[in-house]
Amino acid sequence: MTEHRARKRFGQHFLHDPGIIDRLVRTVAPMAGQKLVEIGPGRGALTYPLLEQVAHLDVVELDRDLIHLLREAVPEERLTIHQADALRFDFRPLAGDLKLRVVGNLPYNISTPLIFHLLEQAEVISDMTFMLQKEVVDRLTAAPGTGDYGRLSVMVQYHCQADYLFFVPPGAFQPPPKVDSAVVRLTPHATAPWPARDPVYLGKLVNQAFTQRRKAVRNALKPLVEPDIFDALGIDPGLRPDHLSVADYVALANATG
């Protein structure tokens with residue numbers, strides 16, 4: 001098989017550590033009959049072990065050279081390759097009667113917008129298991145009152161349960177990135193625990209709060225929330241934005257949007 005060099009413009013860092021690959025596959029634990037989609041299969045480090053567990057796999061890949069290598073190695077009836085930018089790809093048609101299980105070693109430069117793109121299609125997704133920059137995983141899974149808690153934490157946790165699974169060192173990749181990585185599982189809520197009447201407005205309010213995260217929330221949200229609303233909801237207006245829970249933000253959005 002032809003060797004493929006990682007391309008900086010695609011943010012490519014290929015997973016090659018057998019122990020990490022095995023742990024990731026065991027974490028996903030794919031079962032017969034499930035609909036699996038891998039984003040960015042790269043050289044197939046995760047693709048081939050996944051195909052040992054399931055009869056068919058869909059993958060989304062942008063790099064034509066990598067697609068050629070995968071097509072050489074795996075028959076079409078077992079591997080359906082969608083040549084596309086995952087940021088613009090519509091995952092809904094892949095679901096059919098089954099919800100999708102999405103997995104991938106995501107390029108760091110697109111991970112956050114890609115997660116939001118997938119959450120817009122959460123109705124067809126049962127779970128997502130991703131290898132990401134550790135800093136991003138820390139933010140996705142952060143609790144209120146911690147330094148990593150922010151807009152990303154609130155908006156992702158509004159849509160799904162976010163679980164930090166395990167750490168991955170730079171040496172697990174070729175070429176090694178200059179940052180640590182980690183694996184996270186995102187499981188969309190079947191029913192939102194704190195339903196927002198207008199999720200778009202919720203996003204606007206949360207964004208406004210965290211543009212001034214060092215200020216008291218009464219000041220950060222002054223353009224959107226009247227002072228008496230905090231009292232009515234039992235939320236301390238002197239707290240900083242990173243001390244309010246997802247439920248607090250939804251309550252504020254529902255009271256003002």
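**Helix α7 and the chain around it**

In this predicted model, the buried residues of α7 are Leu-152, Ser-153, Val-154, Met-155, Val-156, Gln-157 and Tyr-158.

Q: What makes a residue such as Val-154 of α7 count as buried?
A: Buried means under 20% relative accessible area. Val-154 is listed as buried, so its relative accessible area is under 20%.

Q: Why is helix α7 called largely enclosed by the rest of the structure?
A: Helix α7 covers residues 151-159, and seven of these nine residues are buried, so the helix is largely enclosed.

Q: What covers the buried residues of α7?
A: The cover includes the helices α5 (111-119), α6 (134-141), α8 (199-210) and α11 (246-256), together with the strands β7 (160-168) and β9 (181-188). Contact here means heavy atoms within 4.5 Å.

Q: How do you know whether the radius of gyration of the chain agrees with that of a compact globule?
A: For 257 residues, a compact globule would have a radius of gyration near 18 Å; the chain has 20 Å, which agrees. Along the principal axes, the C-alpha atoms fill a box of roughly 65 × 40 × 30 Å.

Q: What share of the contacts in the chain with a separation of 6 or more joins residues 24 or more positions apart?
A: Such residues account for 65% of those contacts. The chain has eleven helices and nine strands, and buried residues make up 49% of its 257 residues.

Terms used
Residues numbered from 1 in each chain as written. Predicted model: local features only at pLDDT ≥ 70, side-chain atom pairs only at ≥ 80, totals over all residues. Heavy atoms only, no water. Helix = DSSP H or I, 4+ residues; strand = E, 2+ residues; numbered from the N terminus. Rg over C-alpha atoms; globule rule 2.2 N^0.38 Å. Buried < 20%, exposed > 50% of the residue type's maximum accessible area, 1.4 Å probe, protein only.
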